[in-house]
Amino acid sequence: MERNTLFAVVLSALVLFAYQAFFVPPKQVQISKTTQTTVNNSVTDNAVATTPSPASIYSQTTSVSEKTDDYTIENPQEHISYTNMGGSLHKIDFIGNNPFPLTDILSVTGFDNVKYKGEKLDSGAVVLTYNGKWRITKEYQAQDNNVIKVRLEIKNLSGISSLEDFKFTAFEIDHSTADASQNSRENSLFEYSVSTNKIFRKGNATKFNEKNNKSAIAKVNWVGFRDHYHALVVKPDFETKGYEIKADSDKRLNVSIIPQDKNFAPGESEVYNFDIYLGPQNPWNMKKYGQGFEKIVAFSSFAIIEWVGEAIYYTIPFFHSIFKSWGVGIILISILIYGITYPLTMQSMMSMRKMQEVQPKIKALQERFKSDPQKLNMEMMEIYRREKINPFGGCLPFLIQMPFFMALYQILWRAQYFQGQGFLWIKDLSQPDRLIIFPFNLPLLGNELNILPILTGGVMFLQQKISSKNMVVTDEQQLMQQKMMMYILPVMMTFMFYKFASSWAIYFFIFYILSTATQWKIAKMSGKK
């Protein structure tokens, strides 16, 4: 790899590393509930009495000492808990993953702190009912392990008509139980989004303030949240008025769906239906429901990176379908991307080679016209013209390759299909390769030996050795810098990528092998080995 390209890769890696190290929020931990009743694919029959009807729907309170009951449904993918306090889906645990930081899913504003009566139907549905001035009935019926159908009915039990502007909390992001002593770079992937005529996305959703407050009058297609691998999408099946996003504190954010205003006559009711998707960010699985759930999956706000990302995301499973190995899929996509960008890489390297060849002439011109910068620039441009050299030829091809680099980074870090998948000695491609786990900690390395970053550093050192033979050194200072880079960069890159996912490490290992082969080819073309 030529010097400018190498520098650009290292700079990009430094930016990614710094972001992961310094701008990541604490990891979420789970808290215990007062009481919980657990069943498999059903709920218990524990029903609780409703509280007296308050005078106003916006002045309802409940004592924190009151007993609450949870109704937990378990399946092989997740545990889903409903609560009688507020009658909402208040907890989701995806098996083998970090706690999902959402609560109060489909609570009704003003009725989120009152007790509902719980009931289990023969169909397995969970029904939660509140009776007061209003009767609110919520029926949660699981369609399968990933989709829940919700029927929410509001009925006016008073003797007078009432014009009400209800709001439904799609979900509340809750980081209030986070353990500040832990740090997880995965939390930087938290993102909430709202789909109207366009999709609004807000990433790094870990700390909130009034700047996060947002509302709009628009048709809401869906509201969603996602972490590293999983997503929740709430899709209203009724005419909406708009949405509202409000920071309740620096650790809690409420995202609400607002239905059209409704004048309820005495005894009149209105039904609001929702579809909820909760599960892996797997576009193939999400598309089969025909609800547009898959649109929550995105790789970048830049269109070109998003297009490249989608192409890569769907190509890797294609390779897997043929070779039945996700590791082989990563290797093949690495080779494919390098092949696509190979002409640009060769152009960049050859341009740099030509620049090195004319360095003695440039050095002579600098000595000759050191007191006349204008003349020096004219003479240098003449040399570039005569030798057919583009001064920016070393950098421009790399800039064109950047969308591939950024898209692949997102895919290899975020793609759910790598989770739990092994390759050779690697047990999980979404984690470091962990060839050996020690019963003690090593300085800088921790208690694990990740061999892939070390091998990548070795290949990078070899590449630097070959690259140095392609360079024309014009002074001792440049020679000294070249020798320093030869040793410092491989060591630095090894430590930078030491804790990265093995899928990413495999890509870089293959990338540097191919880059080293290209450097050797250029050295051979130049008559140097």
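S503 is buried, with a relative accessible area of 0%, where buried denotes under 20% relative accessible area, exposed over 50% and partly exposed the range in between (1.4 Å probe, protein chains only). The structure is a predicted model, in which local features need pLDDT of at least 70 and side-chain atom pairs count only at pLDDT 80 or more, whereas totals for chains, interfaces and linings use all residues. Residues are numbered from 1 along each chain as its sequence is written, and side-chain values use heavy atoms, with hydrogens and water left out.

S503 belongs to helix 10 (residues 502-525); helices (H or I, at least four residues) and strands (E, at least two) are DSSP runs, numbered from the N terminus. Not counting residues up to four places away in sequence, S503 touches I330, L412, F418 and L429, a contact being defined by heavy atoms within 4.5 Å. The C-alpha atoms of S503 and W413 are 7.6 Å apart in space, although 90 residues separate the two in sequence.

For the chain as a whole, the secondary structure amounts to 10 helices and 23 strands, and 51% of the 529 residues count as buried. Of the contacts between residues at least 6 apart in sequence, 69% join residues at least 24 apart.

A search of the whole structure gives 42 aromatic pairs. Rings of Phe, Tyr and Trp (its six-membered ring) pair if their centres lie within 6.5 Å, and planes under 30 degrees apart count as stacked, over 60 as edge-to-face and the rest as tilted. W326 and Y417 form a stacked pair, at 4.5 Å centre to centre and with 5° between the planes. Because W326 lies in helix 4 (residues 326-357) and Y417 in the loop between helix 7 (396-414) and strand 22 (436-442), this pair ties together parts that are 91 residues apart in sequence. Both W326 and Y417 are buried. One aromatic cluster is formed by Y338, Y342, F405, Y409, W504, Y507, F508, F511 and Y512.

Charged groups also lie over aromatic rings, the criterion being that NZ of Lys or CZ of Arg is within 6 Å of the ring centre and within 35 degrees of the ring normal. K214 is placed over the face of F200, at 4.9 Å from the ring centre, and the charged end of K262 sits over the ring of F264, 5.9 Å from its centre.

In helix 6 (residues 373-386), the 14 residues should span 20 Å at 1.5 Å a residue, which agrees with the 20 Å between the end C-alpha atoms; the expected span is 1.5 Å times one less than the number of residues. L376, M380, I383 and Y384 of helix 6 are buried. Seen down the axis, the buried residues of helix 6 fall within an arc of 100° and therefore line one face of the helix, the arc being that of the directions from the helix axis to the C-beta atoms. On the other side of helix 6, Q374, M378 and R385 are exposed. The cover over the buried residues of helix 6 includes helix 4 and helix 5 (359-368).
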